[in-house]
Every structure is written in C-alpha cells, then in structure tokens.
Amino acid sequence: MEEVKQYNLVVIGGGPAGMAAALAAKKDGVEDILILERDKYIGGILPQCIHNGFGLEYFGEELTGPEYAYKFIERLQDSNIKVKKGTMVVNITKNKKITALNSEDGLLQIKADAIILAMGCRERTRENIKIPGDRPAGIFSAGTAQRYTNIEGYMPGKEVIILGSGDIGLIMARRMKLEGANVKAVLEIMPYSSGLVRNKVQCLDDFDIPLKLKHTITDINGKERVKEVTVAKVDEKMNVIPDTEEVITCDTILLSVGLIPENELSKSMGFSLHPVTGGPIVNEARETEIEGVFACGNVLHVHDLVDWVTKESELAGKSVAKYLTGKRSYRENPIKLEPGKNVSYIVPYKIDFIDFERKRIKLFLRADKPLENVDINIIHDNKILLKYKKDIVTPGEMITVNLPEALIKNKMKKIKISINKREEGDGSVQN
Amino acid sequence: MVVSRTNIICVGCPKGCRIKIEDEDGKIKNISGYGCDKGKEYAREEYKNPTRILPTTVIVENGELPLVSVKTEKPIPKKYLLPAMKEISRARIEAPVKIGDIIIKNVKNTGINVIATNNIETE
C-alpha cells in the first residue's frame, strides 16, 4: 500500500484561477494547501500571452500575461503553499481522493478535505468544427501556435490564414505579422468580430490585415503541408452561399474557434455539466454539486478577462475557508438564478447560503447577441428588483452585476435576469 | 488650404465609435462621431501621435527556455513597430533574466527601453 497524504485543500491546476484561489484560502486561515500543476511551470496560459492588456481591472495597471502571473507566483513563493509541478491528476473520487502521477513520486494518493477545480479550458479543434479537406501539416489551434512562437521559439509558418476573430485569433494575427509572416486574412463566420474593438484596431487595422466577416473555410488542400484553402461567404443561417468560393494560397491555418472548459476530471466525479457553459453547476460560493468541491476560472465558464478569473477564484478560496470552519448556514430554499430574455447564462446558478456579512453577490452573465441601449433587469415574481443601464452588450464581453444582499428575501425561490432594449417600454417586464 | 478627413475607430469600449477628424493645414478643425469625452480625447491623440506598446520575445542564451518575453517600457510611435521588431530580433541575452531587466536601451532612438516581462533561469 502506498502512503496516502492528507491536505486541507488541494487545488487542481496552477494557472491564474488555481493561484488566486489557493492564496485567498491561505489568507483566510486554511493550512496545508497543495497545488497540483501538470506543466513544468505555474502560471497557466499567462506566460505565453506576452501581449499587454492584463490587470487593468484587478491591479489598476496594464501588464503583460507573464507579469500578471508573476505577481501571484511571487506571493506563492513567499507562502507555505506547496506546489507540485509536472504532476498530472488522473482521477478524483466523490470522497475527495485524488490520484496523480509525476516522475519524482511516481503514483500519488492524496486525500483532501476540500478540492478546488481550476483546470482552465482548452481550445476547440478542427475536429470540433468539422472542416472538410486534406489533413496536411500546418494546421494549428491559435493557442498552440502562440506557445510555439512565444515560449518554445518556433515559427509556425510564413503565409497564414486565421479562422475565428476572437481575441486569441486577433492577437495571433499581429504576433505572426510582427515575426515576419504574411497574414493573408482573418475569417469570421459571424457578422461581427467576437474580439475586443481594441484588438481589432491594434492587431488587424494597424497592419492592414483584412477581416472577412460572414466567411468560413470550406476546404483545405495540401499533401505534406497546407497549400491552399477555399473560403466562402455564409448566409444568416451560416450556410455556405454557392459561387462565393475563393481559393487562397497559404502554408498555415490557425484556428481560433472557441474554448471549452476542461472537465474530464469533473466528469469522473460524476457531476453534470451545464449545457451552455460546459462547466459544473455551482452555487454562489462556487461550490459544485459535491459538498467541499469547488470550481473557479475557465473550468467553470470561459472568461474574457483574467482579472475576473482572479476575482472569482478568490471567492472560491474564501468559500473553502468558510466550508472548512463550518461557518455557513444554508437557506431554507435555494434561490435559482434563471437566464431571461437575451441572456445566455448566469454564474452562479443558485444561491444556497444566508450570509449577512456580504453586502452583495456578484453575478456574471453573457448576452446571447449584441444589443445597444439596454436595461439589465433583475426580476423576482415579475417585478423588477433592480435595473442596470448599459449602452452596449455583446456576447464577447462578460457582464457583471451586483445583487445586493438587502434585496434577497427569505421566501424567494427564483430570480430571473433579462436584458431588454430600452425602447421596449420601461415599466413592463419582458422575460 | 489643405483639408483632410480621417476616420478613427475608438477602442475605449465595445461600441467602437467611428470618429471623424477634419484637418485644415495640419490643424484639427473638427472632431465628430464620438460617444463620450474620453473618445474625443482618444481620437485627438490617435490622430496626432498614434503610439503602441510593443510586446515580443528575445532569444536567450543558456536559459531554461529559448526565449524571454519583452515589451517596450512605454508606448512607441506606431510607425516604429516593424523597424523596432528588426532591431529586437537581432538581440541576444544571456540567462538568467529577471522581470524588468533592460534588454535593449533606446530602441530605434525613441528614448524608450525594451524590458523583460518574465524571469528565465539558467539551464
């Protein structure tokens, strides 16, 4: 029998979520914390995100990814939180037993009082979106190309087509251009870019890289290496419009076609994943359906700013401290948070606890389409409890609203949040 | 009299206002299409002297990793982005490298240094 090590808290993943959660738990008095990280270094995806634009919300200064990560790595080094790098978790049970592997310890058996899942997300691939054609070398997910270029020192290619205009696609368009590649076009199947305006201007317009909206790849041609792609226009239903095909020669295709929370381990624990976010169902403490198992960051729902990952993870860390000290009381009925009109999802999914210390509960939500001049209505029993005015909402930018504790009443069972156009009449509730 | 019109997309928020600047003999005559004062100010700056922070990498010798990420300490004029990349691509730095270390002084005579944004230990 191998030895079973016991910890108060084990954090799975040493990216921005895992680091912030562990530090927050520590700050609130949790002892014996272990972070398990599968890569050779901690920091998650941040060290390869060498561009600036991080930290404005959390630190009030603009940092690059590695600099943002380092602020937490430094704090970890000054703490007695244990970090095991190069360690792959292969199984977690409902009873919080963790099996992990690394080259130093071999097989590790760990028992935890509490677990925080902070495994982040992974990129959607060509297989996920089913692009037909040959299968030559030269097709990369944008994040993989980013790692090659910024960490490992390989240039993915010379003549580049990028599919997907999310922020990673835009950032990589600029990166490839700066390193001497010819970026021929960025294609976007939607009628709008899902990336930040700032990235569209500073990554594409600055370098005259064309953005082709309502376009997709219909064929890839090449034997050893990518030789050319066929691109075509799509209609409102995203069906390819015949006779709009155009062949572009290139040797490299980067795919920036979305991120999926990495929940293989969560599935092995037996809890269900939300159909929209792909993450576990959590309450306001970021606690999953299994008591004492928490989740935060991109494993829960894909964030667009690391600053929000940090804030959410600190909340999860604090929640662990409350769980371990037994300092929490359940509501008689949980309050379900339900997405109303134009809302694709809300995290958390429910409110389980009575907590008079907190002044407000921060809610993260996303619009399901771009809308201007809207009210974000927090609704109970067809009455608007609170209204936030917003000039613009887009699916690409997470919306955060506060639900004041003072508005939460004993008997409530459901609170709905809707995004309504302001012209639709101020007084009436549309949900 | 030389009149010119320039369009600038504001990057302050997702609205992305299309701001028009009218210029007469090198002087801004009119700014329109902005949604807020911040946007107007952004457009004025972006018209007069567009600047960007340049983040990239430099080759490290004898390091645990082959590259270190770097950035210009302050934004540099946009027109120097590609020339600065040429200069940066020729640089080599010996490990160890610490965050904040100056890697290149006064890149492209802008008066601005290129600094490391990560730590790289020796091999």
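Both faces of strand 6 of chain B are covered, with B:Leu67, B:Ser69 and B:Lys71 buried on one side and B:Val68, B:Val70 and B:Thr72 buried on the other. A residue is counted as buried if 20 or more other C-beta atoms, placed from the backbone, lie within 10 Å of its own. Strands are DSSP runs (E, at least two residues) and helices likewise (H or I, at least four residues), numbered from the N terminus. In a regular strand the side chains alternate between the two faces of the sheet. The model is predicted: local features need pLDDT of at least 70 and side-chain atom pairs count only at pLDDT 80 or more, while totals for chains, interfaces and linings use all residues. Residues are numbered from 1 along each chain as its sequence is written, and chains are lettered from A in the order in which they are written.

Strand 6 of chain B pairs with strand 5 of chain B in the antiparallel sense over five bridges, pairing being assigned where DSSP finds at least two bridges between two strands. Within strand 6, B:Ser69 stands opposite B:Thr57. The hairpin formed by the two strands has five residues between them, and B:Asn62 there takes a positive phi near 60°. Strand 6 of chain B is also joined by three bridges to strand 10 (residues 114-116) of chain B, again running antiparallel; B:Ile115 in strand 10 is the bridge partner of B:Lys71.

The contact between the chains takes 21 residues from chain B and 22 residues from chain A, two residues being in contact if their C-beta atoms lie within 7 Å. Strand 5 (55-61) and strand 6 (67-72) of chain B each supply at least two residues of the side that touches chain A. That side of chain B divides into eleven nonpolar, six polar and four charged residues.

Chain A is assigned domain 1 (1-123 + 259-327), domain 2 (125-257) and domain 3 (329-431), the bounds coming from an automatic or database domain assignment. The centres of domain 1 and domain 3 of chain A, taken over C-alpha atoms, are 27 Å apart. Their contact takes 14 residues from each of these domains.

The largest nonpolar core has 81 residues, and those with the most contacts inside it are A:Leu9, A:Val10, A:Ala21 and A:Ile116. Such a core is a set of buried Ala, Val, Leu, Ile, Met, Phe, Trp, Tyr and Cys residues joined through C-beta atoms within 7 Å. Helix 1 (residues 16-27) of chain A contributes the largest share of this core, eight residues.

Note on methods
Ala, Val, Leu, Ile, Met, Phe, Trp, Tyr, Cys and Pro count as nonpolar, Asp, Glu, Lys and Arg as charged, and the others, Gly among them, as polar. A residue is buried if 20 or more other C-beta atoms lie within 10 Å of its own, exposed if 12 or fewer, and partly exposed in between; C-beta atoms are placed from the backbone.
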